[in-house]
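Hi everyone, thanks for making time this morning. I'd like to walk you through one chain, starting from a single residue and then stepping back. Let's bring it up on the screen.

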Amino acid sequence: MNDEQPHLTFFMDDFGTRTMCKPGDALPMEAHIFSFGLGGIIVPSEAVQALSDATIKFCKRWDVPELHGNKIRSGKGKFSFLKKDENRKNRFFEELEALIIDERITAHACVICRPGYRDRYYEKHTEGSRWQMSRTAFDIAVERAAKYARLVGRKLSVAYERTGATEDRLIENYFEGLLKNGTGFDSTNSSKHRPLTKDELTETLLTIWPDGKSNPMLQLADLVLHPLGHRPTGLKNRAHDRMSEAGQIIDLRSNGDETIAVKYSCYDDPYKEWVNPRNT
């Protein structure tokens, strides 16, 4: 990658279980089992260092090793003070919000209903179907991010969080597949979405690389993806509301192009409304 070339970087994390539901899996399901998402934040290359520095300073100021969404939400480990001190908790979230509500950050993802995807595609992809949903989420998320990059006159790189040897190899293969073959979506079904051609993707995509949770930008991607992934639950989410009010969600920066937007897929009946298993 040419670091001197201004471009966008899509820092990508995952939400939920990335393999398709088994045929016998039934509702109700926890939110992270009901949905799977790939996404996070899109940031101009020239803003990465400043945002990374701000995140590192935030962590030092609050004496936490890194920003970890699950630990923050559960108040575990270094974040246990969030359950013990209401004043510190309020200050922490005020400062965290100020870190994320930044015009240089664009929130983006593809979120898929796992049982809905199974019902729609299991018979079509019985062989090798276990990881097909993950590829669909990646292709949609990256293709739409590439469209956004073209809209603002940039090229696009992708950075993703390491998960495991199998998962990482698949992510790299998905990226290579986009460069060599395009999205591979059914031309009839995808025509209304006007996906970029293989040549357009090759022209726009630069490179992909993995990194760990120590990367401050992937920490922010984790925090931003969670409210996007939880949106199908219908539960009120302050983080999503604030990003929406600030115009940071990619839909609000698309110049009216409906194909440059967070994609929520396969939420057909009976999955239009999420049922909380804790209430049943």
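So, let's begin at Leu-67. Setting aside neighbours within four places in sequence, Leu-67 is in contact with Thr-55, Phe-58, Cys-59, Ile-72, Phe-79, Leu-96 and Leu-99, and also with Lys-213, Gln-219, Leu-220, Asp-222 and Leu-223. Please keep in mind that this is a predicted model.

Where does Leu-67 belong? It is a member of the largest nonpolar core, which has 77 residues. Together with Phe-10, Met-12, Ile-41, Phe-92 and Phe-138, Leu-67 touches the most other members of that core. Which helix gives this core its largest share? That would be helix H6, residues 132-151, with 10 residues. As a bit of background, nonpolar side chains tend to be buried together in soluble globular proteins.

Now let's step back to the whole chain. There are 11 helices and six strands. The radius of gyration is 19 Å, close to the 19 Å from the globule rule for 280 residues, so the chain is as compact as a globular protein of that length. Its C-alpha trace spans about 55 × 55 × 40 Å along the principal axes.

Buried residues account for 49% of the 280. The chain exposes about 13900 Å², with 46% of that supplied by carbon and sulfur atoms. As for charge, there are 41 positive and 41 negative charges, and their mean positions lie 3 Å apart.

Thanks, and I'm happy to take questions!

Notes
Residues numbered from 1 in each chain as written. Predicted model: local features only at pLDDT ≥ 70, side-chain atom pairs only at ≥ 80, totals over all residues. Heavy atoms only, no water. Helix = DSSP H or I, 4+ residues; strand = E, 2+ residues; numbered from the N terminus. Rg over C-alpha atoms; globule rule 2.2 N^0.38 Å. Buried < 20%, exposed > 50% of the residue type's maximum accessible area, 1.4 Å probe, protein only. Areas by Shrake-Rupley, 256 points an atom, 1.4 Å probe, with all protein chains shown as cover. Lys, Arg positive; Asp, Glu negative; His and termini not counted. Charge placed at Lys NZ, Arg CZ, Asp CG, Glu CD. Core = buried A, V, L, I, M, F, W, Y, C linked by side-chain atoms within 4.5 Å. Contact = heavy atoms within 4.5 Å.
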